[in-house]
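Here are my notes on the side-chain contacts in this one.

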Amino acid sequence: MDVELLSGACGAEIAGIDLRDTSDGNIKIIKDLLFEHKVIFFRNQDITHQEQIDLSKCFGPIEKHAYVKGLPEYPEILRIVKEPFEKNNWGENWHSDVSYNPEPTLAVILKSVEIPPIGGDTMFANMELAWETLDEKIKNKVKDKKALHSSLGVAFFVDNYKGMEARDTNLEEYSNEHPIVRTHPETGKKILYVNWTYTKSIVGIDKKESDDLLTKIFKHQERLELTCRFKWTKNAVAIWDNRSVIHYAIADYFPNRGLGHRRIMDRIAIRGEKPF
Ligand code: SIN
């Protein structure tokens, strides 16, 4: 096995591991790598839909997206599609997946199916490091507080993306409160658990103070020193610990710089626990 770090903050590209091998020994190696590096990448993994599902189930129960339909034959797989004529990219701002759910995603297994020749990289930022390095005065203000996370409603997830289809659901926008600093259930580490996309306010303080604090926290957690960036190739797989990182799919589809290409990713999410 070969482990190449993507940055000093998080992320490692792993060679010499077969993701079709779901033996206890192999899964333990993958989980240990995941907890250490927060997000891990594997290239040239030409796995089938079923193999991606089998791998995902080794991490926990598969989670269905509240608003977006999965593939007809494999509803566990949410296909992220950016059509050639589109500018937007699903997941194109900093977020932690479905942080608005009562039990937000534990991990995501994302496989690249079709990628543009340039553009469409994904960035990740390490939220354990973000908590460690956050200004002490801000830490003291928020360490025992909760934040409100909103699901934003179905339109947010499908309206800008022609290739994404809404599930048959009348589910309205909903929200949940989670601790601003949560504890990783496996490692015991503290994690800064807010994100620009879904976190709307800090509970129990006035709006102005909440807005000011969140603005400072978002700026801090997006610092480039906390990040890594992955350039996709076809049949690459990323596994991220969705509790420990936020991520950002970069929609840099500008004329003559990748616009006019399709980007397709197959995403499986694993259901997590109630943050504590
Ligand atoms: C996501 O935000 O889940 C999608 C990430 C990507 O397509 O790179």
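The numbered points below go through ground rules, rings, charges, a surface patch and backbone angles.

1. Ground rules. This is a predicted model, so to speak of local features pLDDT has to be at least 70, side-chain atom pairs count only at pLDDT 80 or more, and totals for chains, interfaces and linings use all residues. Residues are numbered from 1 along each chain as its sequence is written, and side-chain values use heavy atoms, with hydrogens and water left out.

2. Aromatic pairs. A pair of aromatic rings is described by the distance of the centres and the angle of the planes. The rule used here pairs rings of Phe, Tyr and Trp (its six-membered ring) if their centres lie within 6.5 Å; planes under 30 degrees apart are stacked, over 60 edge-to-face, and the rest tilted. That gives 14 aromatic pairs. Take Y100 and Y198: with centres 4.9 Å apart and planes at 80°, the pair is edge-to-face. Y100 belongs to the loop between β5 (78-82) and β6 (107-114), and Y198 to the loop between β11 (190-192) and β12 (199-202), so the pair ties together parts 98 residues apart in sequence. (Helices, H or I with at least four residues, and strands, E with at least two, are DSSP runs numbered from the N terminus.) Both tyrosines, Y100 and Y198, are buried; on this scale buried is under 20% relative accessible area, exposed is over 50%, and partly exposed is in between (1.4 Å probe, protein chains only).

3. Charges over rings. The test is NZ of Lys or CZ of Arg within 6 Å of the ring centre and within 35 degrees of the ring normal. K139 has its charged end over the ring of W131, 5.2 Å from the centre. R182 does likewise over the face of Y193, at 4.6 Å from the ring centre.

4. Salt bridges. There are 18 of them, counting a side-chain nitrogen of Lys or Arg within 4 Å of a carboxyl oxygen of Asp or Glu. E13 and R43 meet at 2.9 Å, N to O. E13 is in strand β2 (residues 12-15) and R43 in the loop between β3 (39-42) and α2 (49-57), so this bridge links distant parts of the chain, 30 residues apart. Both ends are partly exposed: E13 has a relative accessible area of 23% and R43 is at 24%.

5. The E103–R271 salt bridge comes in at 3.6 Å, N to O. With E103 in the loop between β5 and β6 and R271 in the segment after β16, the pair ties together parts 168 residues apart in sequence. E103 is partly exposed at 35%, as is R271 at 40%. Separately, R182, D241, R243 and E273 are linked in a network of salt bridges.

6. Nonpolar surface patch. M1, V3, L5 and I29 form the patch, with about 370 Å² of accessible area together. Patches take residues with over 30% relative accessible area and no salt bridge, joining like charges within 9 Å and nonpolar side chains (Val, Leu, Ile, Met, Phe, Trp, Tyr) within 5 Å. Accessible areas come from the Shrake-Rupley method with a 1.4 Å probe, and for residues only the protein chains shown count as cover. M1 sits in the segment before β1 (2-5) and is exposed at 60% relative accessibility.

7. Positive phi. K38, a residue other than glycine, has phi near 75°. K38 is in the loop between α1 (24-37) and β3 and is buried, at 7% relative accessible area. L152 has a positive phi too, near 70°. L152 is in the loop between β8 (146-150) and α5 (154-158) and is partly exposed at 25%.
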